[in-house]
Amino acid sequence: MIKHAKRSTIDRSSSVPLYKQIKEILIEELHAANGETGRPFRTEQDLVQRFHVSRAPVRQALKELADEGYVYRERAKGTFPVQELPVRPPGLELGGLVGFLRDQGLDCTSKILSVGQVLTTEKLCTLLGLESSDKVLRISRLIMLKEKPLVWSQTYLSLSKDFQSTNREVEKVDSVFVLLERELGINISRGDHQICASSATSMEAELLGINDGDPVLVIETKLYTRNDRLIGWRRAVHRANDYKFSFTVNR
């Protein structure tokens, strides 16, 4: 049985919207559950009766909890807390995975494997409109969860050759995008994702601690600046058994 947190009622005199109060109460209860296999709530009707509200604030609270990766919902069964498996919500900001997982109380760290200028590949030439003799900045990062590899990402950016950065400088920030905005005034504000299943190459397997050919989840992202200029591309390879991507579709 899951124990509810101390704050279990809403304050109708508060200026905070009801759905936000309900959401915060449920987040507290999810944290208090601390990995137990039960669930702190079940259906919309359970929450409507518990908080004595209409369905609208309950639905909004549950939607935001699902979008932010705290829970997943199964039709006709209820709403379940996510246990251990990291969930990437659709609204996660670019470069925000490490911070997001830490905010959920998970032991998440990252290690910069390399930073430096490399010759562009044929694929990058096509994507970014570069010449084969051009160079791009490549940042290779390994994200770990509980000291176990979770994601290996390689980010390629078409920047001025004058921009130089070290592993130490990039490791000081959770995202290289923060460094770009601070040092160059470049704001990478949008990413277009393509997600696919693949099998691990020998290098991917070695870095992620899996076997050659094991399934992996690959997310490739085109990176755009605030003025909609395509400035880079990122390929992130995830351990398939330890990660899932959450998104919502409407009709």
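Which residue of strand E9 does Trp 152 stand opposite? I will come to that pair in a moment, after a word on what kind of model this is.

What we have is a predicted model, in which local features need pLDDT of at least 70 and side-chain atom pairs count only at pLDDT 80 or more, while totals for chains, interfaces and linings use all residues. Residues are numbered from 1 along each chain as its sequence is written, and side-chain values use heavy atoms, with hydrogens and water left out.

Let me begin with confidence, expressed as pLDDT, the predictor's own score for each residue on a scale from 0 to 100. The chain has a mean pLDDT of 80, with 80% of its residues at 70 or more. Confidence is highest in helix H8, residues 202-208, at 95, and lowest in strand E3, residues 87-88, where the mean is 56. Over residues 1-5 the pLDDT stays under 50, although the model has 13 contacts for them beyond four places in sequence, a contact being heavy atoms within 4.5 Å. Where pLDDT is low, the predicted coordinates should not be read in detail.

Now to the sheet. Helices here are DSSP runs of H or I with at least four residues, strands are runs of E with at least two, and both are numbered from the N terminus. There is an open sheet of 6 strands, with antiparallel pairing and the order E4-E5-E6-E9-E8-E7; its edge strands are E4 (108-119) and E7, each of which pairs on one side only. Pairing requires that DSSP finds at least two bridges between two strands. Within the sheet, E6 and E9 run antiparallel and are joined by 7 bridges, and to answer my opening question, the residue of E9 that stands opposite Trp 152 is Val 237.

Next, helix H7, residues 176-184, in which Val 176, Phe 177, Leu 179 and Leu 180 are buried, meaning under 20% relative accessible area, whereas exposed is over 50% and partly exposed lies in between, with a 1.4 Å probe and protein chains only. Seen down the axis of H7, these buried residues fall within an arc of 155°, so they line one face of the helix; the arc is taken from the directions from the helix axis to the C-beta atoms. The buried residues of H7 pack against helix H6 (167-171) and against strands E5, E6, E7, E8 and E9. Just after H7, Gly 185 takes a positive phi of about 70°.

Glu 44, Leu 47, Val 48 and Phe 51 are buried in H2, and because they fall within an arc of 105° when seen down its axis, they line one face of the helix. Arg 50, which also lies in H2, counts as partly exposed at 25% relative accessibility. His 52 follows H2 with a positive phi, near 55°.

Two further points remain. Asp 214, in the loop between H8 and E8, is partly exposed, with a relative accessible area of 25%, and, leaving aside residues up to four places away in sequence, it touches Ser 198, Ser 199 and Ala 200. As for the cysteines, Cys 125 counts as buried at 15% relative accessibility and Cys 196 is partly exposed at 37%, while a search of the whole structure finds 0 disulfides, a disulfide being a pair of cysteine sulfur atoms within 2.5 Å.
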